[in-house]
Amino acid sequence: MTDIRRIACYGFLGSGNLGNDASLETVLAWFQERHPQIELRCITLAPEVVQARYGIPAVPLAYQAFAGRTGGGRIAPTLGKLLGRLVDVPRSLLLAGQVDAVVVPGMGVLEEQLGVRPWGLPAWMVMMAAACRIRRTRFVLLSVGAEPVLNPVTRKLFVWTVRLADHVSYRDEWSFRAMRDAGARNPDAIAPDVAFAHPATATATVQPGLVVVGVMAYYGRLDDPVRGADLRREYLASLTKALVQLVDQGDRVLLVGGDRVDVEVAQEVRAAVLASRPDRGQDTVVVRDVQRFDELVDLMARAEVVVASRFHNLICALKVGRPVVSIGYAQKNARLMADFGLADYCQDIEDLDADLLLEQLRRAREHRHSLATMIAERASRYQSWVQSLMDQVAAQTLRSAVVESRAGE
C-alpha cells in the first residue's frame with residue numbers, strides 16, 4: 001500500500017469513551033505496524049487529547065465558535081448550531097482535500113441511542129462523506145455499529161452516509177439488517193467490532209474473589225428526564241443490593257466505567273455499599289478511574305468474573321477470556337453474548353434483577369474454566385477476522401484511492 005500518503009481517522013475520539021478510543025487505538029496500531037510510512041491524523045471532538053496521547057496531528061471535527069454567542073433566549077442555541085453547520089460545509093471540503101482517505105474506525109456511529117441528535121454526528125458525518133466524494137478522497141466506514149433509528153431525519157442522514165462511502169462494513173448481522181431495512185445499500189463486509197483486535201494483551205493472573213463491575217451513567221433509551229432519573233435510581237439500587245451480598249460472601253468488588261461520565265456512578269455505588277456494610281474495610285469496594293483500554297484489559301484479566309454494562313466493557317471482558325454477565329442497555333449486548341454462547345448470562349439494564357444477577361454470577365464461577373476456554377477461542381477468531389478485514393480494506397479500497405487521484409492529475 002505504498003501509494004497511500006495520508007489517512008485521517010474520524011469520530012468522537014479522545015473524548016472520554018474507552019470504546020471509541022479502543023477502536024482508534026486498534027486502527028492506529030495496525031497501520032503503524034503494517035504501513036508505518038503512512039501519515040496518520042485525526043478529525044475529532046478532542047484534538048488536544050488525541051495529539052497528546054497518540055502523538056499524531058488532530059483537528060476539530062466541527063466548528064463550535066458560534067455556540068453561545070448569539071445572545072439569549074431559546075433561539076440562540078439553534079441559531080448557533082445552524083451557523084456552525086454552514087461553516088462546516090466548506091471546512092469539510094478543506095479537510096477532505098488534505099488526506100487520501102478518511103476512516104471511521106468502528107464505533108456505533110449509525111446508532112441514535114444515548115442522546116444522538118440529527119444535527120450532531122449524523123449531520124457532520126454525512127457532510128464529511130459528501131466532501132470526500134467531491135474531493136475524490138476515499139471515505140471508509142470500518143466495521144461500524146448500527147441499529148433501527150426512530151428519528152426520520154437521523155435515519156435519512158445515516159442512509160446517505162452509507163451511500164456515499166467507498167467501503168462499508170458492519171460489526172454484526174443486526175447492524176446490516178437495520179441499515180438494509182432503512183434503505184441503505186448492502187455492505188462490503190461484515191466483521192466483528194475492531195476492538196477485538198486491540199493490541200493490548202492480558203498478562204495478569206486471576207485473583208480469586210475479585211469481581212470487576214462495569215457501571216454506566218444510564219438515563220434510558222429515550223429523551224425523558226423524569227423516567228431517566230427513575231431508571232437510574234432503580235438500576236443503582238438493584239446493583240447495590242447485589243454487590244452488598246457479594247461483599248457479605250467475602251468478595252472484593254472493583255468498580256470501573258467505560259466513559260468519563262461513569263465515574264460519578266461508580267462512586268455512588270461504592271458509597272451505598274459501604275454505607276450498608278460500615279464494618280467492611282474501605283478496600284472491599286474500590287473505584288478505578290480507568291482512562292485507557294489497555295488499563296481495562298489489565299484489570300479485567302485479574303477478575304474471577306466480570307459484570308459489564310457498556311458495550312466495549314463487555315468486549316474487553318470477552319477479549320481477555322473472562323466469564324462475564326452482561327447488564328446491557330441495547331440489543332447489541334445480548335446479541336454479542338449469544339454469539340459467544342453466553343445467552344443465559346444476560347439482563348436488560350432497565351429490568352435489573354439483583355437475585356438473578358447473583359445466580360448468574362454463581363453459575364459463571366461454577367463453570368468458569370469451560371466458559372473461559374470457550375470465550376478465549378471465539379475471541380481469538382474475532383481478532384483474526386478483524387485483522388483480515390483491515391488487510392482487505394487496505395488492499396482494495398485505500399490503495400486504489402491514491403492511484404485513481406494521481407491518474408486524474
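In this predicted model, ring pairs join F196, F340, Y382 and W385 into a cluster.

**Y382 and W385**
- The ring centres of Y382 and W385 are 5.9 Å apart and their planes stand at 80°, so this pair counts as edge-to-face.
- Y382 and W385 both belong to helix α13 (residues 368–407), and because they are three residues apart there, about one helical turn separates them.
- Y382 is buried, with a relative accessible area of 8%, whereas W385 is partly exposed, with a relative accessible area of 43%.

**W30 and F31**
- W30 and F31 form another aromatic pair, which is edge-to-face, with 4.9 Å from centre to centre and 80° between the planes.
- W30 counts as buried because its relative accessibility is 5%, below the 20% limit, and F31 is likewise buried, with a relative accessible area of 5%.

**Helices α9 and α10**
- Two packed helices are described by the angle and the distance between their axes.
- For helix α9 (residues 293–302) and helix α10 (residues 311–319), the axes come within 9 Å and cross at roughly 55°, which means that α9 is oblique to α10.
- The crossing in which α9 passes α10 is right-handed.
- On the α9 side, the contact is made by F293, L296, V297 and M300, while α10 contributes H312, N313, C316, A317 and K319.
- Sorted by class, the residues in this contact of α9 with α10 are six nonpolar, two polar and one charged.

Conventions: Residues numbered from 1 in each chain as written. Predicted model: local features only at pLDDT ≥ 70, side-chain atom pairs only at ≥ 80, totals over all residues. Heavy atoms only, no water. Axes fitted to C-alpha atoms, helices over the stretch in contact; angles between N-to-C directions. Helix = DSSP H or I, 4+ residues; strand = E, 2+ residues; numbered from the N terminus. Parallel < 35°, antiparallel > 145°, perpendicular 65-115°, else oblique. Left-handed = near helix turned anticlockwise from the far one by under 90°. Contact = heavy atoms within 4.5 Å. Nonpolar A, V, L, I, M, F, W, Y, C, P; charged D, E, K, R; others polar. Phe/Tyr/Trp six-rings, centres within 6.5 Å; stacked < 30°, edge-to-face > 60°. Buried < 20%, exposed > 50% of the residue type's maximum accessible area, 1.4 Å probe, protein only.
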